[in-house]
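Please report on the disulfides, ring contacts, fold and confidence of the model shown here.

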Amino acid sequence: MIAVVAVVLLVVAAGGAFWLLRGQDDPTSVAAPTGSAVAGEPSADATEPAPSAAAPESSADPRFAKVGQCVRNDAAAGGKPKLLISGCAPKSYEVLSRIDGPTSGERDAEAKCGKIEGYTNWYFFDSELDTLDFVLCLKQR
């Protein structure tokens, strides 16, 4: 009897965890203000990198990018950046540093990345919840 109850509780807990994690990967469940992400450096060329094989969409979001991984910009040239985690290919951007925590915008991102040797571009995400904010310091390959 105890074993049956334990198995039922385990199944219910696993189902609840799956439901919570599945909701986090859904891009519509994350609230982000319009114009919240900006990338680049004013003097950097905004040429769109060549596409390469991306990770599955749920893990390709730049909010999951780690140091050493690469990202590519899938946005139209000159448009708002749309970074996706990708393989490290020519014209992709290697993440040199990830700075989690509140950011106030372009100047803040540029100042934070200015301390990182070899960076060529930056990307920041600024939301109403400062705990979700981050800056990526990037190096174009």
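## The Cys113–Cys137 link

Cys113 is buried, and Cys137 is buried too. Buried here means under 20% relative accessible area, exposed means over 50%, and partly exposed falls in between (1.4 Å probe, protein chains only). The two residues form a disulfide with their sulfur atoms 2.1 Å apart. A disulfide is a pair of cysteine sulfur atoms within 2.5 Å. The angle about the S-S bond is -90 degrees, and the link is left-handed. Cys113 sits in helix α3 (residues 106-113) and Cys137 in strand β6, so the bond ties together parts 24 residues apart in sequence.

This is a predicted model, in which local features need pLDDT of at least 70 and side-chain atom pairs count only at pLDDT 80 or more, while totals for chains, interfaces and linings use all residues. Residues are numbered from 1 along each chain as its sequence is written, and side-chain values use heavy atoms, with hydrogens and water left out.

## The Cys70–Cys88 link

Searching the whole structure gives 2 disulfides. Cys70 and Cys88 form one of them, with their sulfur atoms 1.9 Å apart. The torsion about their S-S bond is about 100 degrees, so this disulfide is right-handed. The pair links distant parts of the chain, 18 residues apart: Cys70 is in strand β2 (residues 70-73), and Cys88 is in the loop between β3 (83-86) and β4 (93-100).

Are the two ends buried or partly exposed? Cys70 is buried, at a relative accessible area of 0%. Cys88 counts as partly exposed, at 40% relative accessibility. With the bonded cysteines of the chain numbered in sequence order, the pairing reads 1-2, 3-4.

## Aromatic cluster

Rings of Phe, Tyr and Trp (its six-membered ring) pair if their centres lie within 6.5 Å; planes under 30 degrees apart are stacked, over 60 edge-to-face, and the rest tilted. The count by this rule is 3 aromatic pairs. Tyr123 and Phe134 have ring centres 6.1 Å apart and planes at 35 degrees, so the pair is tilted. This pair links distant parts of the chain, 11 residues apart: Tyr123 is in strand β5 (residues 121-125) and Phe134 in strand β6 (residues 134-140).

Ring pairs join Tyr123, Phe125 and Phe134 into a cluster. Tyr123 is buried, at 6% relative accessible area. Phe134 is buried as well, at 3%. Arg98 lies over the face of Phe134, 4.4 Å from the ring centre. For Arg, that call needs CZ within 6 Å of the ring centre and within 35 degrees of the ring normal; for Lys, NZ is used.

## Fold and surface

The chain has 3 helices and 6 strands. Helices (H or I, at least four residues) and strands (E, at least two) are DSSP runs, numbered from the N terminus. The elements run α-β-α-β-β-β-α-β-β from that end.

Of the 141 residues in the chain, 29% are buried. Among contacts (heavy atoms within 4.5 Å) between residues at least 6 apart in sequence, 59% join residues at least 24 apart.

## Confidence

The chain averages a pLDDT of 74, and 69% of the residues score at least 70. pLDDT is the predictor's confidence in each residue, from 0 to 100. Over residues 23-57 it is below 50, yet this stretch has 67 contacts in the model beyond near neighbours in sequence. Where pLDDT is low, the predicted coordinates should not be read in detail.
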